[in-house]
2 protein chains.
Amino acid sequence: MAKSKLSARQENMLDFITNFISQHSYPPTIREIGKACQITSTSVVNYNLNKLENEGYINRMMRVSRGIQLDKNKASRLVQIPLVGRIFASEPVHFPEAAVSYAPDETINLTQDLVGDEKEIFALEVRGDSMIDAMINDGDYVIMKQQVQVNNGDLAAIWLINSEETTLKYFYLENDMVRLQPANPTMDAIYLDPSTIRIQGKVILVFRQISSQKTTPIKSN
Amino acid sequence: MAKSKLSARQENMLDFITNFISQHSYPPTIREIGKACQITSTSVVNYNLNKLENEGYINRMMRVSRGIQLDKNKASRLVQIPLVGRIFASEPVHFPEAAVSYAPDETINLTQDLVGDEKEIFALEVRGDSMIDAMINDGDYVIMKQQVQVNNGDLAAIWLINSEETTLKYFYLENDMVRLQPANPTMDAIYLDPSTIRIQGKVILVFRQISSQKTTPIKSN
DNA sequence: ATAATATCAGAACAAGTGTTCCGTGTCAAT
DNA sequence: ATTGACACGGAACACTTGTTCTGATATTAT
């Protein structure tokens, strides 16, 4: 019932089923799933389909050919995002070393429809009020993808070399100058030479937990 | 390939298939179709499925269970709407007598997704500029359903008893008074006592043929 | 190490399912 | 009346497909 991490095989199967339905508009058979996922035995496919059903990803109709329904509410898979640290204005974003397996103390669980198919995404907790011009408050969580290049219009994490601070702003490259546009429309953009910044990543999602326990503090400015 | 009128049985089947897919998200089997449509023989279902495929309403995958695809471009059926006359501002809408079979000289062919599932709908050609406040011009076609009652917000054909004219306006019943709102937002609504009007029908669709042969005339007012 | 559990493969079975063949009845045209 | 096209029903066939059984292998906990 509860969502848990799927095995690689189950993930593979769910991928295939989703694609198959969107291509054919009817679900695949057990044997079609097996063939696509390199599973020689129908019983193994059946076994993992039951797992997927117990986890709530699909519904199965007993004794009905192609009797698989994608549970639309749950079909978007759980994505476990490692919470790798905190983001301060006063220092560059610290991503963990790539290709190094590590055990994150904490993970943020979101659904795939929210964060998309991006791989290697990280969650960071925002510390301080310095991101206020990105409409991001102290305590917010930022889901980012580490990359040294972003597209125009992306909300990017940028290390300002001269002032030695990290900022989150919308990135636009215009005539060899970089325009950094705050998310807050009342604030002005800043223009910088590309050599004075270092792109650290792209923001995929920002969320804020409004807990009922603590009243939301009123910012003094 | 070309669209033609479906038999009652084929229409019934196509209805069932459409509903079945939307309910189950996988297509029905031949026998499920037969049972739902009171067809005892699978061969007859197969026979009519091939007809539906030849007419372009569905695609079939040979030897595939539940291998039916609704051709989304063609699945919306052709609806033949009898053109029963013209609509003048100076006289009530003249619908043909109900329960009397008649042979319309002309029919308007539209697809079901445009006009919905309503039965007993008629096409009327608009004559004169008097419907201009409903954004309907001379020569436009109006698809209507005859009914003596409409819901608030419906675009209704209304016979004004006192002034002896037909008008097309959005209908709102407010505090025992009827507000007739022109489609043209620059024009004011009129308020009438319900006893002074007679609802004749609900407008389902309005369309205008812009033929390349004649240039669209510029209205003088 | 040992047991318990999870995952897997192969095979066989029973039910589901599309296909095909044959015959009947209807209807319009000749 | 005869023909032909069309629609239909019944039945049988062959293939598809979900299910189940047995046993092997891998993983984890004690």
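Buried means under 20% relative accessible area. The model shown in these views is predicted.

**View 1. Phe20(A) is a buried residue.** Its relative accessibility is 9%, so Phe20(A) falls on the buried side of the cut-off.

**View 2. Phe16(A) and Phe20(A) form a tilted aromatic pair.** The search of the whole structure gives four aromatic pairs over all chains. In the pair of Phe16(A) and Phe20(A), the distance is 5.5 Å centre to centre, with 55° between the planes. Helix α1 of chain A, residues 8-24, holds both residues. They sit four residues apart there, about one turn of the helix.

**View 3. Ring pairs build a cluster in chain A.** Its members are Phe16(A), Phe20(A) and Tyr26(A). Phe20(A) is the buried residue of View 1.

**View 4. Phe20(B) meets Tyr26(B) edge-to-face.** The ring centres are 6.0 Å apart. The planes stand at 70°, and planes over 60 degrees apart count as edge-to-face, so the pair of Phe20(B) and Tyr26(B) gets that label.

**View 5. Arg179(A) lies over the face of Tyr172(A).** The distance to the ring centre is 4.2 Å.

**View 6. Arg179(B) lies over the face of Tyr172(B).** Here the distance to the ring centre is 4.3 Å.

Conventions
Residues numbered from 1 in each chain as written. Chains lettered and ligands numbered in written order. Predicted model: local features only at pLDDT ≥ 70, side-chain atom pairs only at ≥ 80, totals over all residues. Heavy atoms only, no water. Phe/Tyr/Trp six-rings, centres within 6.5 Å; stacked < 30°, edge-to-face > 60°. Helix = DSSP H or I, 4+ residues; strand = E, 2+ residues; numbered from the N terminus. Buried < 20%, exposed > 50% of the residue type's maximum accessible area, 1.4 Å probe, protein only. Lys NZ or Arg CZ within 6 Å of the ring centre and 35° of its normal.
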